[in-house]
Amino acid sequence: MTAPILEMKNISKEFPGVKALKNVNFQVAQGEIHCLVGENGAGKSTLMKILSGVYAHGSYSGDILFNGKIQKFSNTNASEKTGIAIIYQELALIPDMTVYENIFLGHEIRNGFLVNWNETIKRAGEMLKKVKLDVNPATKVKDLGIGKQQLVEIAKALSKDVKLLILDEPTSSLNESDSKNLLTLLRELKNQGVTSIMISHKLKEVIEIADTVTVLRDGETISTLSANEVSENLLIKHMVGREINSIYPTRERKPYQEVVLEVKNLNAYHPSLGRTILKDVSFRLKKGEIIGFAGLIGSGRTELALSIFGNPVGYHLSGDIFINGARKHFSHPKDAIRTGIAYVSEDRKGNGLILIQDVKQNISLANLREIANRGVVNKNIEVQIANQYKNNLSIKTPSVEQKVGNLSGGNQQKVSLGKWLFVRPNILILDEPTRGIDVGAKYEIYTIMTDLVKQGMSIIMISSELPEVLGMSDRIYIVASGKITGELTSAEATQEKIMSLATTN
Amino acid sequence: MTFFYNARKVLQQNIREYGMYIALFVIMVIFTITTNGTFISSRNIVNLINQTGYIAVLAVGMTLIIIIRQIDLSVGFLAGFLGAIAAIAMSDPRVVANGLNLPVYVVIPLTLCLGIMAGLVTGFLVAQMKIPSFVASLAGWLIYRGAILVVTESTGTIIIANDAFNAIGNGFIPDIPDIGILPGVHKLTLILGVLAVVLLVINELNDRRKKQSYNFEVLPTEIFALKLIFLAAIIGGITWILAGYQGLSWTAVIVLLVTLIYNFVMSQTILGRHIYAVGGNPDAAELSGISVKRLIYVVFGSMGMLSALSGILFASRLQSATTTAGTLFELDAIAAAYVGGVSAAGGVGKVVGSIIGALVMTSLTSGMNLMGIGISYQYIVRGAVLAAAVIFDVTTRGKS
């Protein structure tokens, strides 16, 4: 084995309330393609952010050795100078600038105080040749497809004389032929002496390209495997091999009868991204049932939920939605709400709550009609109702007049839940209901869900946490690249089966 | 002891809200002293209110616009343009070429409707065409500026000869016949003032009783009493000052009505809640079943209507429509809203605050005029006050 170009020793990183990494050891040999795999939240991205200096030296413990020397990166510039470049899932290009401007952005070729554009264009051309991208360097980046944009990112990294290239899920938004091109390119760069680390969820791809694979789980290094020992089954086993602790409330599961929601052949196409988001999605939800939607981040589950909820932003929809047997078309979330559907967003702060308003105003917002008389809000009833939800959901806040922005994540989530329970829905869609909240609050949310279905509500739970999906759902649909790739009953589902269906591309 | 403790607690909790009132009070005291009492004289206060009127109504509309994270630069010249339209509509065709000789009671609603339509056009550009409101309303600024010049091209300044119309900006409410007591005092104004105090007390007591019936926390009795006495004293004081001259002006009545209606809508109704929600987080509002587009139309429509009202007030005050009417009104209105505590980030602000903001700005002008301070220094002082108000707002917001 050649000498390691990178060694990360005993790396630990804590976020408030969460230990994201626990004594992780990670070694990359000179000139190899090293894949990093693990479930959502296993710590892959955190580890790479430490390596690239996003989390500065001092905010974590442990050592980074690059080319045998200890490195203390205080920011991303420092890591770039030593030859480490990272390419994120969301590309960091400026759409309205040309390819050559983007490639040399931040390290322009100077001529005194001025930019030497001729040299820039010439060098950009050379970089594009290296990544086998045949476009005019003067093309604007927004006019390129997403696959080509990714190549521009790589060209940008190469122009900085990169020695270690990190790619965070580079193929997640690419189609098949673009993905193939990218993998071929990585091999060629390897021949030119560039070492790469690739984070990926697509295990077939990992097996195809990796020289070495490291598996992370719950912030710990589980195994480092070489190319000849990896197999899909082994990787899945290492990724999910945790025991399910019995933190899930027990619940009587019976055969459910009445279908409350049926989705038939739902398709969604996003014209500005130029790709299909949902492909022939069909499923059913019965009264009193909890169904889980498992899958990886970006597989299209949130888009599916928003399509049902009448808020498909930026994409075209076709297909049929039936509520209690009647065909419905929702042109705005308000129609969905009136029909008895509630959607608790995955992004509390982004589009779930109004942080500058208080608890009572957030809870009443989606159903002000109920507490208003001829359009005039009865504020006393509002306080009363808010207090009711505060007690029922045990929201920890000094009063319902407290601004939601001052509450903890778990309590914000409960306010969000209270808001949507107040619209008195029959169908509750929960999108990542326990993301970023602590174990105690998680259990409370599960208990609330159990109570709700007992009262006859039906719940769709979107979750990237497999134990949660297994622990709470009656049936599980697995979504990958906008398609339902499998349906499992709670009896037959295992983490391995779900992960295997979620990683089929 | 508990009294002082309670009083301090209430003050601390509401310092942001009371800050503007305190500022206005301080400014008035300073000018009263520096002008040997001329500033607080009945005549000057009445003048000051009438001067504030056409900016105040714009500031009310602008408050809503800024709350939903937009801006409207077109309102000044729109007001000027609609003032000219109203003047032409009322004029005798023998005097003004396109005059329609329409009566006042037709002209005013017509002008307000035109204002709403103009506002909806801006709303269309913002909501439907997704043009940033700064740009959309800047286009309006240019267009209406040109439009004023077009309609006044042949005539220049249009003199308004209609007495009823001119009373809006210069007249006062009539008095009851003299019955021998309190000579030289406007008695109807006094009666209205007393009525206002009575209504306020009844309303506050009612509210308190309702809250108690729900077992909610209410202000301690002595603080509540103090608050009522304080508010009654302010209303009483203003009434007394106004009654000492010619009483309540029609402009004051209009501004008062607009403020009461908008304050009610914003604080008590579903529509108001939706406006604050859209300003606080448009994405969350949309997902909560609120049509953000519809609200943009409503808010810009209201702004257009208030621009028309502002145009009417201004034309009436000058008894004419001039070619430069409306110049810089929009910036005065925006400044008034910011001084009044509206947040540039959206979702925060009160209509009453903006009215106080407008009063602060006009008080500065009026006071400095009386002191004989030159116009150049007046601009600098007003700029400094605007900056100070926003600094106060931003720093106290971080703490609560």
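In this predicted model, chain B holds 16 helices and two strands. Its radius of gyration is 22 Å, close to the 21 Å that the globule rule gives for 400 residues, so chain B is as compact as a globular protein of that length. Taken along the principal axes, the box filled by the C-alpha atoms of chain B comes to roughly 75 × 65 × 45 Å.

Of the 400 residues in chain B, 42% count as buried. When contacts between residues at least 6 apart in sequence are considered, 78% of those in chain B join residues at least 24 apart.

Chain B is divided into domain 1, made up of 41-171 + 251-399, and domain 2, which covers 181-248. The centres of domain 1 of chain B and domain 2 of chain B, taken over C-alpha atoms, are separated by 28 Å. Where these domains of chain B meet, six residues of domain 1 are in contact with six residues of domain 2.

On the side of domain 1 of chain B that touches domain 2 of chain B, the elements giving two or more residues are α3 (42-67) and α10 (250-268) of chain B. The largest share of this side comes from α3(B), with four residues.

Terms used. Residues are numbered from 1 along each chain as its sequence is written. Chains are lettered from A and ligands numbered from 1 in the order in which they are written. This is a predicted model: local features need pLDDT of at least 70, side-chain atom pairs count only at pLDDT 80 or more; totals for chains, interfaces and linings use all residues. Domain bounds come from an automatic or database domain assignment. Two residues are in contact if their C-beta atoms, placed from the backbone, lie within 7 Å. The radius of gyration is taken over C-alpha atoms; the globule rule is 2.2 Å times the number of residues to the power 0.38. A residue is buried if 20 or more other C-beta atoms lie within 10 Å of its own, exposed if 12 or fewer, and partly exposed in between; C-beta atoms are placed from the backbone.
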